[in-house]
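Hi,

Here is the structure I promised to pass on. Have a look at it first, then read my notes below with the model open beside you.

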Amino acid sequence: MPNIKIFSGSSHPDLSQKIADRLGLELGKVVTKKFSNQETCVEIGESVRGEDVYIVQSGCGEINDNLMELLIMINACKIASASRVTAVIPCFPYARQDKKDKVGSRAPISAKLVANMLSVAGADHIITMDLHASQIQGFFDIPVDNLYAEPAVLKWIKENINEWKNCTIVSPDAGGAKRVTSIADRLNVDFALIHKERKKANEVDRMVLVGDVKDRVAILVDDMADTCGTICHAADKLVSAGATKVYAILTHGIFSGPAISRINTANFEAVVKILCFLLCSFLSVSVLSK
């Protein structure tokens with residue numbers, strides 16, 4: 001094994017441990033704490049001089065604290081003479097703020113700001129998954145690996161849904177149309193999408209189904225579910241349109257606010273988060289190929 005060090009931020013230590021176990025490595029020693037004024041303090045507990053460092057930290061939960069912790073960890077390793085620092089960010093923070101969505105808007109492009117911050121902190125390489133908008137890769141001047149969940153989605157469908165040959169792959173919004181058409185083509189089944197109109201962020205006003213799900217299994221595929229209002233409304237729409245069962249397959253199950261209670265009362269056969277398997281597989285190949 002090359003000179004590899006894996007450090008975990010505080011967002012998902014269990015995921016970091018699974019990655020380390022898959023690679024046959026020990027997690028690096030790091031201490032993170034907060035001062036009484038809530039400043040983040042990070043101490044790397046072992047030498048990283050000349051090492052290839054991977055820092056695993058996701059952009060969910062306490063997003064701002066986790067992002068700041070990641071930036072400090074990257075900088076701490078870089079100034080401690082690490083050969084290369086790779087930030088493994090399964091869920092990229094602020095990915096939904098990737099453009100000005102209205103003419104004359106004064107909204108920030110926060111995803112670009114985050115990209116700049118990661119580069120300035122000292123990151124040499126970014127590994128992330130199913131970016132909410134693929135153009136975010138172009139915000140960086142360093143290599144970015146945007147992993148796609150499609151292979152893991154196909155594997156799960158074929159292994160766990162007996163009626164998958166009589167299914168329809170459904171996108172809960174127009175933005176995911178490319179994703180579901182690719183999956184539907186690979187499975188040789190039909191696809192559908194739901195057009196949604198929002199009153200404001202995290203609140204859907206009206207949904208229109210485009211496609212046929214009558215007497216079929218409907219499989220909702222999306223990159224991100226936050227408060228889960230969209231996918232739960234979509235499930236109701238699909239059932240009312242004649243779907244026999246409804247599954248939801250998500251890359252990033254954030255599940256904030258009322259998400260869990262909404263899922264528990266919705267018309268789902270199952271809700272699946274697909275992230276961990278694919279990320280572990282990629283890192284195994286990436287590290288062993290060095």
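Let's start in the loop that runs between β2 (30–34) and β3 (40–44), where you will find glutamine 38. Keep in mind that this is a predicted model. The phi of glutamine 38 is near 75°, which is a positive value in a residue other than glycine. Is glutamine 38 buried or exposed? Its relative accessibility is 53%, and the cut-off for exposed is over 50%, so glutamine 38 counts as exposed.

Asparagine 188 is another one to click on: not a glycine, yet with a positive phi of about 60°. Look for asparagine 188 in the loop between α5 (177–187) and β9 (190–200). This asparagine is exposed, with a relative accessible area of 70%.

Next, the helix pair. The axes of α2 (residues 63–79) and α3 come within 8 Å and cross at roughly 25°. Angles under 35 degrees count as roughly parallel, and α2 and α3 are therefore roughly parallel to each other. Where they meet, α2 brings Leu67, Leu70, Leu71, Ile74, Asn75 and Lys78, while α3 brings Val114, Met117, Leu118 and Ala121.

Two buried polar residues are worth a stop. Serine 58 sits in the loop between β4 (52–56) and α2, and it is buried at a relative accessible area of 6%. A polar atom of the serine 58 side chain lies 3.2 Å from the backbone nitrogen of cysteine 91. Setting aside neighbours within four places in sequence, serine 58 is in contact with Ser11, His12, Asn66, Pro90 and Cys91.

The other is aspartate 98, in the loop between β5 (84–89) and α3 (110–121). With a relative accessible area of 5%, aspartate 98 is buried. Which side chain does its own side chain make a polar contact with? That would be glutamine 135, at 2.6 Å. Leaving out residues up to four places away in sequence, aspartate 98 touches Ile109, Ala111, Ala133, Gln135, Ile136 and Phe139.

Compare that with aspartate 145, in strand β7 (residues 144–147). This one is partly exposed, with a relative accessible area of 29%. Its C-alpha atom is separated by 8.0 Å from that of histidine 125, 20 residues apart along the chain.

Last, the nonpolar cores. The largest has 34 residues, and Ile157, Ile169 and Ile219 touch the most other members. Helix α4 (residues 150–160) gives the largest share of this core, 5 residues. Apart from it lies another core of 31 residues, including Ile74, Ala82, Ala111 and Leu118.

Definitions and conventions:
Residues are numbered from 1 along each chain as its sequence is written. This is a predicted model: local features need pLDDT of at least 70, side-chain atom pairs count only at pLDDT 80 or more; totals for chains, interfaces and linings use all residues. Side-chain values use heavy atoms; hydrogens and water are left out. Helices (H or I, at least four residues) and strands (E, at least two) are DSSP runs, numbered from the N terminus. Buried means under 20% relative accessible area, exposed over 50%, partly exposed in between (1.4 Å probe, protein chains only). A polar contact is a pair of N or O atoms within 3.5 Å; within protein, one must be able to donate a hydrogen and the other to accept it, and residues adjacent in sequence count only if both atoms are side-chain atoms. Contact means heavy atoms within 4.5 Å. A nonpolar core is a set of buried Ala, Val, Leu, Ile, Met, Phe, Trp, Tyr and Cys residues joined through side-chain atoms within 4.5 Å. Axes are lines fitted to C-alpha atoms, for helices over the stretch in contact, and angles run from 0 to 180 degrees between N-to-C directions. Angles under 35 degrees count as roughly parallel, over 145 as roughly antiparallel, 65 to 115 as roughly perpendicular and the rest as oblique.
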